[in-house]
Each structure stands twice: as C-alpha cells, then as structure tokens.
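Student: Please pick one part of this model and look at it closely. Then follow the links from there through the rest of the chain.

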Amino acid sequence: MGAVRDYFGNIASALTTTAKGMSVTLHHFRNEPPITVQYPFERMNIPDRYRGLHILEQDKCIDCHLCAKACPVDCIEIEAIHHGRTLEWKKFTIDYKKCIFCEFCIPPCPVDCIHMTTEYELATDNVDDMTEDLLSWTGLRPEDQFAIEASEAKKAGKAAPTKAATAAPEGGGDDDDKAAKIAAIKARMAKKS
Ligand code: SF4
Ligand code: SF4
C-alpha cells in the first residue's frame, strides 16, 4: 500500500514542480521585453570602452612605430618615407587575423592618434580582407607635395611651383567614410573627457 502511495505521490510532485517551473517561464514570457537582437538588422548598444576595430588620425601620426613595437602579436605594419617632417605614406596595416584586441598599441602613441572604435564587423569570405589599411590617403597630400617642391626649388634657386602643378594623393576613395568615423570617435572622446 505504501509503495502505491509513493508512486502517486511522486507523480503529484512531478506535476507540481513542472507547473511551478512553467509559471515562472510564463511570467517572464509575458512581462519581460524580448532580448533577442535581430542582427544584422538590429544592433546592440556597444559600451564606449569596447575594444573594436582601429582608426588612425593620419594627419597627426609621426611614423614612430611605437604602436607596432608594443603589439604582442606583431600585426601592425607601417611604411612611410620621410621628407623632413613630411610623410609620404605607403601603408599602415593591421592584420586582424592576428590582432587580439588587447589595446596595447594605444597608450604608447605619443600624439594620441590611434584609437579603438566600437566597430566590430569583420565577417568575410576572403581571409585577405582581414588586413585593414588604416590610411585615409597614400603618397603625399597636394599641400605636402607643394611644400616639398617649394623647398627643393628654393634650395636650387629656382622659381617656386604653382599649386595647380601638384597631383592629388592616391587611394582617397573612402576618405569621406574615414573622416566621418574619425569625427565620430573624436566626438566620443570629447564627451568622455
Ligand atoms: S589591439 Fe593588441 S594585438 Fe591588436 S594591433 Fe593593438 S597591440 Fe596589436
Ligand atoms: S605610435 Fe602613434 S604616432 Fe607612432 S606610428 Fe603609431 S600611430 Fe603613429
């Protein structure tokens, strides 16, 4: 008789605990807002301190390589020709196949021109796309080219060149996009300070 009572007691206990569990589930289902984010159509708010893709304020960079030297995985490559203090840019790449988003490259910069953003999208079907060039332009800007030509002409005792003779720098196709990103980063940093 005791065994029969235990049997039905266990069934009652199982039904009661299941009902209690389901009541908690239903409570959350009815009262809590949905937490699923329909990425990529929706995005979560990323904290300001998130360590995402880098951005470079190229006009401030002095090609000192301190960021590259601080990188523990050697994923920053920088190449520029120095014309006095003017830089002719070749590349400033980060290999995101290696980058561990440690932020070690940011504090050593003496002019505070490399930053980590809240951008995080790296998905690609081509592994070569994971090396990002942070330069907004390559070569020399027209004003830099003009300054160099003027200085060389002065040294050679020749007439100074006209501004119209200088060429536009290469690779500036997405300048607007990068300028907008830099402006957004600057605004965020100004808000924090
Ligand atoms: S975040 Fe770290 S791993 Fe990535 S480039 Fe900077 S120092 Fe290197
Ligand atoms: S540490 Fe700063 S200034 Fe020096 S190369 Fe890197 S980004 Fe440029």
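Tutor: Start with histidine 65. Why does histidine 65 count as partly exposed? Because histidine 65 has 13 C-beta neighbours inside 10 Å. The cut-offs are these: a residue is buried if 20 or more other C-beta atoms lie within 10 Å of its own, exposed if 12 or fewer, and partly exposed in between, with C-beta atoms placed from the backbone.

A word on the model. It is predicted, so local features need pLDDT of at least 70 and side-chain atom pairs count only at pLDDT 80 or more, while totals for chains, interfaces and linings use all residues. Residues are numbered from 1 along each chain as its sequence is written, and chains are lettered from A and ligands numbered from 1 in the order in which they are written.

Back to histidine 65. Its phi is positive, about 70°, although histidine 65 is not a glycine. Histidine 65 sits in the loop between β1 and α2 (66-70). Such names come from DSSP runs, numbered from the N terminus: helices are H or I with at least four residues, strands are E with at least two.

Now compare aspartate 74. Aspartate 74 is in the loop that joins α2 to β2. Aspartate 74 also has a positive phi, about 55°, and is not a glycine. Aspartate 74 is exposed because 10 other C-beta atoms lie within 10 Å.

Next, the ligands. There are 13 residues around ligand 2, and Cys61, Cys64, Cys67, Cys109 and Ile114 come nearest. A residue belongs to such a shell if its C-beta atom, placed from the backbone, lies within 6 Å of the molecule. By class, this shell holds 11 nonpolar, one polar and one charged residues. Here Ala, Val, Leu, Ile, Met, Phe, Trp, Tyr, Cys and Pro count as nonpolar, Asp, Glu, Lys and Arg as charged, and the others, Gly among them, as polar. Ligand 1 is also surrounded by 13 residues, the closest being Cys71, Cys99, Cys102, Phe104 and Cys105. Its shell has 12 nonpolar, no polar and one charged residues.

Leaving out residues up to four places away in sequence, cysteine 105 touches Cys67, Ala70, Cys71, Ile76 and Ile114. Touching means that the two C-beta atoms, placed from the backbone, lie within 7 Å.

The largest nonpolar core has 12 residues, including Cys61, Cys67, Ile76, Cys99, Cys105 and Ile114. A nonpolar core is a set of buried Ala, Val, Leu, Ile, Met, Phe, Trp, Tyr and Cys residues joined through C-beta atoms within 7 Å. Two elements give two or more residues to this core: β1 (54-56) and β3 (86-95). The largest share, three residues, comes from β3. In soluble globular proteins, nonpolar side chains tend to be buried together.

What does β3 pair with? One partner is strand β2 (residues 76-83), in the antiparallel sense over eight bridges. Two strands pair if DSSP finds at least two bridges between them. Within this pair, glutamate 77 has threonine 93 of β3 as its bridge partner. Two residues separate β2 and β3 in a hairpin, and glycine 84 in the turn has a positive phi of about 65°. Strand β5 (residues 131-133) also pairs with β3, antiparallel, over three bridges. There, aspartate 95 has threonine 131 of β5 as its bridge partner.

α1 has 30 residues and reaches 43 Å from its first C-alpha to its last. That is close to the 44 Å expected at 1.5 Å a residue, taking 1.5 Å times one less than the number of residues.

The loop between α1 and β1 includes proline 40. A cis peptide bond joins tyrosine 39 and proline 40, with omega about 5°. Tyrosine 50 lies in the loop between α1 (2-31) and β1. Tyrosine 50 counts as partly exposed because it has 13 C-beta neighbours inside 10 Å. Tyrosine 50 and phenylalanine 101 are 51 residues apart in sequence and 9.6 Å apart in space, C-alpha to C-alpha.

Last, the whole chain. The chain has four helices and five strands. Buried residues make up 10% of its 193 residues.
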